[in-house]
Amino acid sequence: MGTGTSKDADGVAHDESDDRDGSLDQAGGQLYVSLKMENYKLNGEIIPHVYGSVPLVGSWDPCKALSMERESASMWELSFVVPPNHETLDFKFLLKPKYGSAPCVIEEGAHRVFSRGALQGESRLAVFRNGEETLEHKIFIKADQVSPFDLAASWRAYQENLRPSTVRGIPDVSINSAPIAGAENGCSASLELDLEHYLVPAPSTSANSGMVYAANNAENPRFTITDAAWYNSYSFKDASISSDRPPTYKGIEVVIPDPSKAYPGTGMVDSKSVGTFSPLQRQDSHRGLFVDRGVGSPRLPKSPSSSTFTFDLKHEAATKNLMPAAAGAVAAAAVADQMLGPKEDKHLAIVLVGLPARGKTFTAAKLTRYLRWLGHNTKHFNVGKYRRIKHGTIQVCLCPLLTRSSIRFLLMQNADFFRGDNPEGVEARNEVAALAMEDMIAWMQEGGQVGIFDATNSTRERRNMLMKMAEGNCKIIFLETLCNDKRIIERNIRLKIQQSPDYSEQPDFEAGYEDFKSRLDNYEKVYEPVEEGSYIKMIDMVSGNGGQIQVNNISGYLPGRIVFFLVNMHLTPRPILLTRHGESRYNVRSRIGGDSLLSDTGEIYSKKLSNFVEKRLKSEKAASIWTSTLQRTILTAGPIVGFPKIQWRALDEINSGVCDGMTYEEIKRNMPEEYESRKKDKLRYRYPRGESYLDVIQRLEPVIIELERQRAPVVVISHQAVLRALYAYFADRPLKEIPHIEMPLHTIIEIQMGVTGVQEKRYKLMD
């Protein structure tokens, strides 16, 4: 049972545990102590540490200090287990450089004293002074009683591993306590299974998008700021911008349409069907056509339209931008959409709409990753990235190529720049939006299929400009994100200040916070909801507590899949654990496929995996275990208790067809043509009467959608090819790399899904 916490006047939280001191000794458990430091200023190069007296780390030596771990973007944590009658701990916090030999910065003031589950004396902020700079950070200290059941589980895990557990390369925190009756030598060993002991480095291409600001991964602009001619393409007169001539970047002529002229294109509809999908309009010439939307190639029976269909396919193949690098349902749907006439455009632009801090960039990044994984050539164009590169920050004013008036303009890169009544700001923002749109259209003409256009696009004037530019080039679907949850908005604002390059040079968090709030107010004054064209509205969908999604004038396979994906997307943090089954008897003999039993080593791994899952998910009552229908994954999950187990046929290993049960040497010797074909293109190669990797991806789409929909942890126990495809989705790896992704046995890949993106950890339980 957890203990209560309180906050003093300084905002430091501590336990209200004085009234239960007498009950701890008889409780039969131990105390789980959590030390947390909150901050918004420390970067990844400075790591908070805890150091102190002999019971804690051995001496008052900063070199032996215990490193705190980053719990979130604004919180660091160190946790350990102690007996309720532990010796008094006195300690301090210090800041230590991650690299180099720079001196540590030690917390000011007296030692902190922790005794019998509570912090003694007055609580206070952690104050650090480094020269003239002073940093203050809130401290949270909490102690929870660990139940005997948790201790028993930890003891079983300790016996299974037959080794003392360690954290970050040093022994667990061990506190001398009163001898326990029956204990040998009167010592109390730590029983906690330390998962950190099994951590191994993730590959350089790991799924750690959560460590990078999502907009930084968007498409790079085609112009470069180092081109001196770029600065001379505009004249600044009387604090307003006028274009002397349309600048050209790599052969692209930038034309900014007059946004005041309403867009009269065919995409405008008078009658709306909100909340429903418009049915596909069949054309008479295609009534005899049947397309198989299952796994495999489209089946096209002979019909009067066959010659037309063949001609169209040859024409589209020349453009290299309509057929996705996919198979099964996606390929079949792409063919069907092409043949349904002009209603389905060749190129699709998903244009984000919404106020700042509503999750537009997060949504754009996830949608880009999903469509790429399905095989559609998709890119993410972030207008904010264009704005920062073109107009820079205040530091750009040092460039000698800038004129006095342009320097004055660049100094306006604060909240005033985003005012609706600031003509210079409006013109500059429309300019970079036009540049991004031109880049996206040019990319589509070179072979791109789906462009995600990420910006506020908060006025009809801006959206009319984009629709005018898209006319004859691509179909636009507006994706509007609306959020009314003030808590989520506040969280997003704080993440924006911490991660956005707009505030990377702003040392004062509060100043950046107030500037962004002012920017948000400026947008709210002129915001106009989407009511024109084809659109999708996501209303309070990110909270994880339901919401509403509205669609208007949406048709076609791909737009339909996008809507289905968005319906199941949310921001609830949860881990997804991916692991192969334990070593099988076929693995030992290097044979592929089959449905063999586990080897002796595989059975050991199943027990270790059970201990790991029990410890990692002990507080996650809603977690579930997913396996394939093959017995080696079912047997691997066998020792895991306390969680529901679900078998998915979609998680079965790639079907190796007539090669099932063979070794690759046998295939090379007996089927040399098949061996060479697979070697040339593992992604598209299909085993005779079997599957290709592209086939596997298509049957895994329901699994991906369900993983996105889940709000509780999931453990996926599957096979090498299947896990390669699943991992590629989370890591946003190109399709061509999927067959070559390393997926070792007896290793757990933890994918942490959350508001900041995707983060990855790897645990190797056995060699």
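Some housekeeping: residues count from 1 along each chain as its sequence is written, and side-chain values use heavy atoms, leaving out hydrogens and water. Since this is a predicted model, local features need pLDDT of at least 70 and side-chain atom pairs pLDDT 80 or more, while totals for chains, interfaces and linings use all residues.

OK, the helices. Elements here are DSSP runs numbered from the N terminus, with helices being H or I of at least four residues and strands E of at least two. Two packed helices are described by the angle between their axes and the distance between the axes. For H7 (residues 360–374) and H14 (residues 557–568), that's about 125° and 11 Å. The axes are lines fitted to C-alpha atoms over the stretch in contact, and angles run from 0 to 180 degrees between N-to-C directions. So H7 and H14 are oblique to each other, oblique being whatever is left after under 35 degrees (roughly parallel), over 145 (roughly antiparallel) and 65 to 115 (roughly perpendicular).

Who touches whom? From H7 we have Thr363, Lys366, Leu367, Tyr370 and Leu371, and they meet Leu558, Arg561, Ile562, Phe565 and Leu566 of H14; contact means heavy atoms within 4.5 Å.

Now the loops. Most residues other than glycine have a negative phi. Asn457 isn't a glycine, yet its phi is positive, about 45°. You'll find Asn457 in the loop between strand S23 (450–454) and helix H11 (460–470). Asn457 is buried, at 0% relative accessible area (buried is under 20%, exposed over 50%, partly exposed in between, with a 1.4 Å probe and protein chains only).

Ser590 also has a positive phi, near 60°, and sits in the loop between helix H15 (585–588) and helix H16 (600–616).
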